[in-house]
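Here is a short tour to read alongside the structure. Keep the viewer open and follow along, section by section.

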Amino acid sequence: NTHLQPAFEASPRSAEDARRLWSHYESLTRDLSLSLTEQLRLILAPTLATKMRGDFRTGKRLNIKRIIPYIASQYKRDKIWMRRSSPSKRNYQIMLAVDDSKSMGESGSGQLAFETLALVSQSLSMLEVGDICVLGFGNEVHVAHEFDKTFSSEAGAQIFQHFGFQQTKTNVRKLVADSITLFREARRKVFNAGAELWQLELIISDGVCEDHETIRRLVRQAQEERIMIVFVIVDALLKGESIMDMKQAVFEPDVIGETKLKIKRYLDGFPFAYYLVVGDVRDLPGVLAQALRQWFAEVVESG
Amino acid sequence: MATETIIASANGMATPDPPSQVRVQLSTRHPDISLPENPGPILVNTNLRRYALSTLVNTLLQSEKPIPFEFLINGTFLRTSLDEYLTANGISAETTLAVEYVRAIIPPLYLASF
Ligand SMILES: [Mg+2]
């Protein structure tokens with residue numbers, strides 16, 4: 001479909017316009033972002049807490065597992081104490097990918113996406129837990145804010161300059177593929193990364209995308225590389241049309257190989273394991289914190 | 001595009017472009033063939049033509065004997081696939097297409113003179 005021309009030339013917003021927009025959304029979501037920051041702090045706190053570990057001759061607490069070998073060895077193997085180890089440092093790399101396609105503008109989801117972007121990026125930068133990167137996607141994927149750049153109001157305004165919601169395709173497949181590549185690069189740049197680097201992507205979109213099969217495979221690949229993807233569906237509910245009710249008509253072969261029409265619920269085939277539907281930005285801190293809490297719990301358990 | 005190819009080949013995946021999709025909102029002016037409830041926008045592949053859309057409406061109507069339908073978009077009859085229609089009219093698949101349906105005029109040969 002390369003011959004499809006955008007109705008408007010993808011117009012970068014003027015710097016002044018973007019700055020005005022950013023300060024509008026920044027003040028609109030200030031209280032909410034404080035609330036999200038507090039919730040995230042609580043989620044992150046246990047993982048940053050110190051642990052008792054090790055085999056030492058002196059220490060704070062006995063290591064029960066070492067007692068029997070200690071007696072059996074005629075009290076020679078005496079490294080039976082645990083000490084409080086220094087807090088385990090974790091690095092986070094968090095990517096916010098915002099849908100810049102036309103459907104976002106038409107459904108009125110664009111506003112909700114801006115609110116979400118302002119809310120989440122402010123919270124994450126207040127937390128100071130790691131690097132933030134912002135992407136825009138549609139026909140193409142572009143980086144609106146790089147991992148190694150500091151986040152600020154000025155940076156926020158610059159990010160808004162990249163979004164016009166005029167792109168004529170929503171290539172989520174390309175987004176996930178490119179994200180994996182960007183995360184690999186970012187991981188390579190972190191000194192002594194290893195298992196302590198946690199990578200998270202939040203996709204903010206109206207959720208209408210195609211090629212679910214390929215996307216599902218890419219999401220699995222991301223998971224294997226310890227990249228967590230949470231899909232935040234901003235559902236503007238314009239004209240009473242919610243993505244929750246949207247249907248999909250597909251012609252596919254039945255058991256005897258005859259092509260039959262099937263009408264399914266769109267979200268039943270949605271390729272992302274973790275997704276949330278948000279109709280109002282005020283619900284976001286709650287649901288997002290819940291999803292992240294689940295994710296951190298899983299990572300802590302598996303690590 | 002290059003990154004995508006690298007990742008895809010690493011997985012041994014083929015990367016043919018899948019058919020794109022578009023949301024259609026079906027409606028009619030004729031009460032006898034109107035849908036029992038508004039289905040809202042339905043996501044369909046853009047390679048669909050009149051016949052497939054006719055099957056869709058009949059399925060939604062739960063009609064015992066299929067009724068042949070014709071489809072109007074922006075006042076003109078759909079004579080191609082949706083994809084060709086979108087391309088010819090410079091419409092992106094990001095929009096919800098308003099599609100009106102009417103009973104097909106029989107015999108279909110007559111339609112050739114449209
Ligand atoms: Mg879109």
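Predicted model: local features only at pLDDT ≥ 70, side-chain atom pairs only at ≥ 80, totals over all residues.

The crossing of helix 1 of chain A past helix 6 of chain A is right-handed.

Which residues meet here? From helix 1 of chain A come A18(A), R19(A), L21(A), W22(A), Y25(A) and E26(A), and they meet S153(A), E154(A), G156(A), A157(A) and F160(A) of helix 6 of chain A. Sorted by class, this contact of helix 1 of chain A with helix 6 of chain A holds six nonpolar, two polar and three charged residues.

## The magnesium ion

Now turn to the metal. Four protein donors are listed by atom here: S101(A) through OG, S103(A) through OG, T170(A) through OG1 and E94(B) through OE, and they lie 2.2 to 2.3 Å from the magnesium ion. The pair of S103(A) and E94(B) crosses between chains. On one side, S103(A) is in helix 4 (residues 102–107) of chain A, while on the other E94(B) is in the loop between helix 3 (82–88) and strand 5 (96–103) of chain B.

Are S103(A) and E94(B) buried or exposed? S103(A) counts as buried because its relative accessibility is 2%, under the 20% cut-off. E94(B) is buried too, with a relative accessible area of 7%.

Leaving out residues up to four places away in sequence, M104(A) touches D99(A), S109(A), G110(A), A113(A), F165(A), S205(A), D206(A) and V234(A).

## Strands within and between chains

To find your place, look for R23(B), which stands opposite L43(B) in strand 2 of chain B.

## Two loop residues with positive phi

Most residues other than glycine have a negative phi. Against that background, Q74(A) is worth a look, with a positive phi near 60° in a residue other than glycine. Q74(A) sits in the loop between helix 3 (67–72) and strand 3 (81–84) of chain A, and counts as exposed at 58% relative accessibility.

R226(A) is not a glycine either, and has a positive phi of about 55°. Look for R226(A) in the loop between helix 8 (212–224) and strand 8 (227–234) of chain A. At 38% relative accessibility, R226(A) counts as partly exposed.

## One last stop at R30(A)

R30(A) belongs to helix 2 (residues 30–48) of chain A. Its relative accessibility is 41%, so R30(A) counts as partly exposed. How many residues separate R30(A) and Q122(A) in sequence? They are 92 residues apart in sequence, and 8.2 Å apart in space from C-alpha to C-alpha.

How values were computed. Residues numbered from 1 in each chain as written. Chains lettered and ligands numbered in written order. Heavy atoms only, no water. Donors = N, O, S within 2.8 Å, 3.2 Å for Na, K, Ca; no water. Helix = DSSP H or I, 4+ residues; strand = E, 2+ residues; numbered from the N terminus. Buried < 20%, exposed > 50% of the residue type's maximum accessible area, 1.4 Å probe, protein only. Pairing = 2+ DSSP bridges. Contact = heavy atoms within 4.5 Å. Left-handed = near helix turned anticlockwise from the far one by under 90°. Nonpolar A, V, L, I, M, F, W, Y, C, P; charged D, E, K, R; others polar.
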